[in-house]
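Dear colleague,

Please find below the structure that I am handing over to you, together with its sequence.

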Amino acid sequence: MTSLDGQVALVTGSSRGIGAAIATLFAQHGARVVIHGRDVDALAAVGARIASTGAEVFSTTADLTEHGQVEAMRLAIEEHVGPVDILVANAGGSPVPPSPIEDITEADWRLSIDTNLTATFLTVKTFLPGMKNRGRGSIITMSSAAARRPNAGSPVGYAAAKAAIELLTKDVAAQAGPFGIRANCLSPETIMTEGNQRQIPERIQLSLIDSHPIRRLGTPEDVAAAALFLAADTAAWISGIVLDIAGGSVLV
Ligand SMILES: NC(=O)c1ccc[n+]([C@@H]2O[C@H](COP(=O)([O-])OP(=O)(O)OC[C@H]3O[C@@H](n4cnc5c(N)ncnc54)[C@H](OP(=O)(O)O)[C@@H]3O)[C@@H](O)[C@H]2O)c1
């Protein structure tokens, strides 16, 4: 079994959705998991589920678009749990609906960029120096199939931010590799999180299935399995990649 025994793993945006699934799987594989979000009730529910399995779990909150809050989170984790060995910079999302470029407000553009690219940048920037000092670390970032090509269903600010996260990740891999640190990026297609279950009408879910050679939509657990593979030493020679988790849909 893949082992993360004793390693401290921070999964940002794990109060729900994909992040919660990653944190749960990492805990099952022996990691000392730090869950994160802004919604304390949702965090408490995820924390209780993980703790009920006997695993160790620590909970932290921060708005990742504020560097001061990210730094305070790092200090709290290091004081209560220890230095982070595995960082999954998963937090993000698509906070504005798709629209023609000329109709996107400056505020909405900045919100898409900050929620995804700036939050990922500030998270990596904050945890990287400690990893470099310790000479080890595994970083996983979160892109999206939206970054692959223009798509009327994906807000361009979100897609552009995710494409930039892919490049940022490759840069981290190049800069930090000599310090014993790996950086990789996951790129999921539509994943049936609680949020998407609610938001995507059943009729659309059925039509989306047809665009996947593997005839189903993805689950948070599909993404978690890929995160576990990349986080663990089994992927010791893998760095700087963007891994599609898409049921083959990027081919079509
Ligand atoms: N679901 C999909 O189909 C899909 C596909 C491709 C890529 N992705 C990417 O995968 C990641 C997870 O997606 P998901 O669907 O699981 O999202 P989700 O269910 O909406 O959860 C998003 C998580 O990110 C946190 N978050 C968002 N903005 C934040 C901020 N400024 N500061 C701190 N925390 C913040 C949320 O915290 P709170 O709610 O506690 O505030 C929550 O824990 C995202 O990066 C998303 O873009 C998702």
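The notes below take the chain as a whole, then its sheet, and then the surroundings of the ligand.

Please bear in mind that this is a predicted model. The chain contains eight helices and seven strands. Its radius of gyration is 17 Å, close to the 18 Å that the globule rule gives for 252 residues, so the chain is as compact as a globular protein of that length. Along the principal axes, the C-alpha atoms fill a box of roughly 45 × 40 × 35 Å. Buried residues account for 44% of the 252 residues. Of the contacts between residues at least 6 apart in sequence, 74% join residues at least 24 apart.

The seven strands of the open sheet follow the order 3-2-1-4-5-6-7, with parallel pairing. Strand 3 (57-61) and strand 7 (242-245) are the edge strands, each pairing on one side only. On average, neighbouring strands of this sheet are turned by 20° against each other, direction ignored. Strand 1 (residues 8-11) pairs with strand 4 (residues 86-89) in the parallel sense over three bridges, and Leu10 stands opposite Leu87 in strand 4. Helix 1 lies across strands 1, 2, 3 and 4, running at about 170° to strand 1.

Around the ligand there are 27 residues, of which Gly13, Gly17, Gly37, Arg38 and Gly92 come nearest. By class, this shell has 15 polar, eight nonpolar and four charged residues. Helix 1 (17-28), helix 4 (106-134) and helix 6 (194-199) each supply at least two residues of the shell, and helix 1 gives the most, with three.

With kind regards

Technical notes
Residues are numbered from 1 along each chain as its sequence is written. This is a predicted model: local features need pLDDT of at least 70, side-chain atom pairs count only at pLDDT 80 or more; totals for chains, interfaces and linings use all residues. A residue is near a molecule or strand if its C-beta atom, placed from the backbone, lies within 6 Å of it. Helices (H or I, at least four residues) and strands (E, at least two) are DSSP runs, numbered from the N terminus. Ala, Val, Leu, Ile, Met, Phe, Trp, Tyr, Cys and Pro count as nonpolar, Asp, Glu, Lys and Arg as charged, and the others, Gly among them, as polar. The radius of gyration is taken over C-alpha atoms; the globule rule is 2.2 Å times the number of residues to the power 0.38. A residue is buried if 20 or more other C-beta atoms lie within 10 Å of its own, exposed if 12 or fewer, and partly exposed in between; C-beta atoms are placed from the backbone. Two residues are in contact if their C-beta atoms, placed from the backbone, lie within 7 Å. Two strands pair if DSSP finds at least two bridges between them. Axes are lines fitted to C-alpha atoms, for helices over the stretch in contact, and angles run from 0 to 180 degrees between N-to-C directions.
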